[in-house]
Amino acid sequence: MSRPHGLLAEFHTPAEIVRAAEAVHAAGYRKVDAYTPYPMEEVLDALHLHQTHVPKLVLAGGLFGLAAGWGLQYWSSVIEYPMNIGGRPFNAWPAFVVPAFETTVLFAALAAVFGMLALNGFPHPYHPVFNVPGFATASRDRFFLCIESEDPKFDAEKTRDFLKGLGASEVSEVAP
Amino acid sequence: MASRVEHPVIGPGHTFATVTDKISSLVLTTKTPIGWFVGFGIAFLLFQLFLGTVTLLLAKGVGIWGVNVPVGWGFDIINFVWWIGIGHAGTLISAILLLFRQQWRTSINRFAEAMTLFAVACAGMFPILHMGRPWVGAYWLMPYPNTMGLWPNFRSPLIWDVFAVSTYATVSALFWFVGLVPDLATLRDRSQNKVAKVIYGMLALGWRGSARHWANYETAYLILAALSTPLVVSVHTVVSFDFAVGVIPGWHATVFPPYFVAGAIYAGFAMVLTLAIPLRKAYGLEDFITMKHIENMAKVMLATSLVVAYGYLIEAFMAWYSGNTYERFMMWNRATGPYAWTYWALILCNVGVVNTLWSKRLRTSIPYLFFVSLVVSVGMWLERFVIIVTSLHRDFLPSSWGNYRGTPFDWTMFLGTIGLFLTLFFLFIRFLPVISIFEMRTLVPEAAPKEEKP
């Protein structure tokens, strides 16, 4: 039989999961994930998961959008097909500001959404934690903490007792 | 929260479980309320009116509409601006109020965003169909390498409009979908029906509430809000440029961008109220859409109506102050000419009726507020009629003056888009959660772990 994915502990209140997350991090576990029904700053703080690369992707997307929008307008109006309309300059930069602004926002937003989805590994229909029967309540009113078996400190017996000691109502093994 | 709270943003006694169960039950129930079928049926019939009109329009051409020289922009542009304006409240609620940490946005943002999306879809129909044969017109709207080697004229505000509106539609759709993902996971987990489970599961993309995911998610959501904020202001600004950059008396005014943006928010909040009031009644959502929400929306409507009234005042003042004969005539013609009744009806709706909301008793009377929200929608439609028709029908040369009125097909097209809008909205309230479930969870008392009593 292959190694389990990890041990999943169930908690009933936000305060319990925050306390448990702090304790788990303090005990030296690093391959840990929490599953909560709404975003919880306190859990992110406890597990030191605050780093995110989304802002860099958004900046890159926005700069790309600006360059692409401006480039398209300059190239098509000045180089590819210059057309005299009412004697206005071909490189009518004040007019180009508006579409360039819109493409900047468009590509920045696309980068934010698809970057976030990619960083989260979505779409990802299967995950071992879904095997735990009670896990469906993670999207309702229950809070879960999973110590994964890849963690060097992971030990099936000791980790289970440790999680029990943190006040988990249930600790289940997650099939891979 | 301030200490002087008359109405909370959520009814008392709610927990994570009750909030989740209540909102998801609207979608997962096996018994669709009879009222839904009645409403959807009416909306769907109106939508057929739209399809019929479009078929005729494509067969016969835009001649079935009333537009002609000198009024080349009639109902199509009036309706376009009207719908686009309505869309603005959704983004304002979901983005700007999020950045200002206004908790009361939480229970109304989801359906306001849906409203935005559907309103923009209706708006888009008009300029596209005004081209007559839209499949031929694509080359001057969209920059793509066509066989004629032609490119759009980027010096024209109409092209700015294409970019602004299409970006707005895309970003609104993304914002809406991103907000839905955790709730789709809730529906996947709670659905008893196999097919529904698979469909919601696919749409939820495998969301499981992981802390790592929430970290990326929250950042992306905030950034989207920050991007949408200047975007929403830019959209109606660009729409106003369609007029302000032109030389027609009554259009060529610098007050147009702020005046249009305020008008858009004003019209949008009126539509949110028009939708929210029956919705909370029909589905028993009074605990989530409380009197606080209703009253705050009324206040936003009142505040933006004052900005709009300032716009009307400045339009009249600048017409006189400019010393320009044509501008002065335009204003005189607007107030006393053949369309004077539309101008005074607009003033009555947008400056008269709405100012009764200074009274708290009227502002908190649900039937009255519903009535005012409908009056505002009519008023804003008249505003666009006044700006477009009275400016165009008598411009510089009396020899080119003329009159305008919508034909029956103009009306069926307009009513038809209302049908399209309501059809989409009825489908939305049946198949997707009308209130953001995961954000409502953050509002219940048990969601504050640090403040828990020992």
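**Figure 1. Burial and overall dimensions of chain B.** Buried residues account for 47% of the 454 residues in chain B. The model is predicted. Along the principal axes, the C-alpha atoms of chain B occupy a box of roughly 80 × 55 × 40 Å. Chain B contains 16 helices and zero strands. Take the contacts in chain B between residues at least 6 apart in sequence: 82% of them join residues at least 24 apart.

**Figure 2. Helix α2 of chain B.** This helix covers residues 34-60 and has 27 residues. From first C-alpha to last, α2(B) reaches 39 Å, close to the 39 Å expected at 1.5 Å a residue. F47(B), F50(B) and T53(B) are buried in this helix. The buried residues of α2(B) pack against α15 (408-431) of chain B.

**Figure 3. The contact between chains A and B.** Here 58 residues of chain A are in contact with 52 residues of chain B. On the chain A side, the elements giving two or more residues are α1 (14-26), β2 (32-35), α2 (41-47), α3 (54-80) and α4 (93-119). The most come from α4(A), with 16 residues. By class, the side of chain A that touches chain B holds 39 nonpolar, 12 polar and seven charged residues.

**Figure 4. Strand β2 of chain A and its partner.** β2(A) is among the elements that give two or more residues to the side of chain A that touches chain B. V32(A) and A34(A) point one way from the strand. D33(A) and Y35(A) point the other way. All four of these residues are buried. Strand β3 of chain A, residues 143-148, is joined to β2(A) by four bridges. The two strands run antiparallel. Within this pairing, Y35(A) stands opposite F144(A) of β3(A).

**Figure 5. Two domains in chain A.** The domain assignment gives domain 1 of chain A as 6-52 + 127-174. Domain 2 of chain A is 58-119. The C-alpha centres of domain 1 and domain 2 of chain A lie 45 Å apart.

Terms used:
Residues are numbered from 1 along each chain as its sequence is written. Chains are lettered from A and ligands numbered from 1 in the order in which they are written. This is a predicted model: local features need pLDDT of at least 70, side-chain atom pairs count only at pLDDT 80 or more; totals for chains, interfaces and linings use all residues. Domain bounds come from an automatic or database domain assignment. Two residues are in contact if their C-beta atoms, placed from the backbone, lie within 7 Å. Ala, Val, Leu, Ile, Met, Phe, Trp, Tyr, Cys and Pro count as nonpolar, Asp, Glu, Lys and Arg as charged, and the others, Gly among them, as polar. A residue is buried if 20 or more other C-beta atoms lie within 10 Å of its own, exposed if 12 or fewer, and partly exposed in between; C-beta atoms are placed from the backbone. Two strands pair if DSSP finds at least two bridges between them. The expected span of a helix is 1.5 Å times one less than its number of residues.
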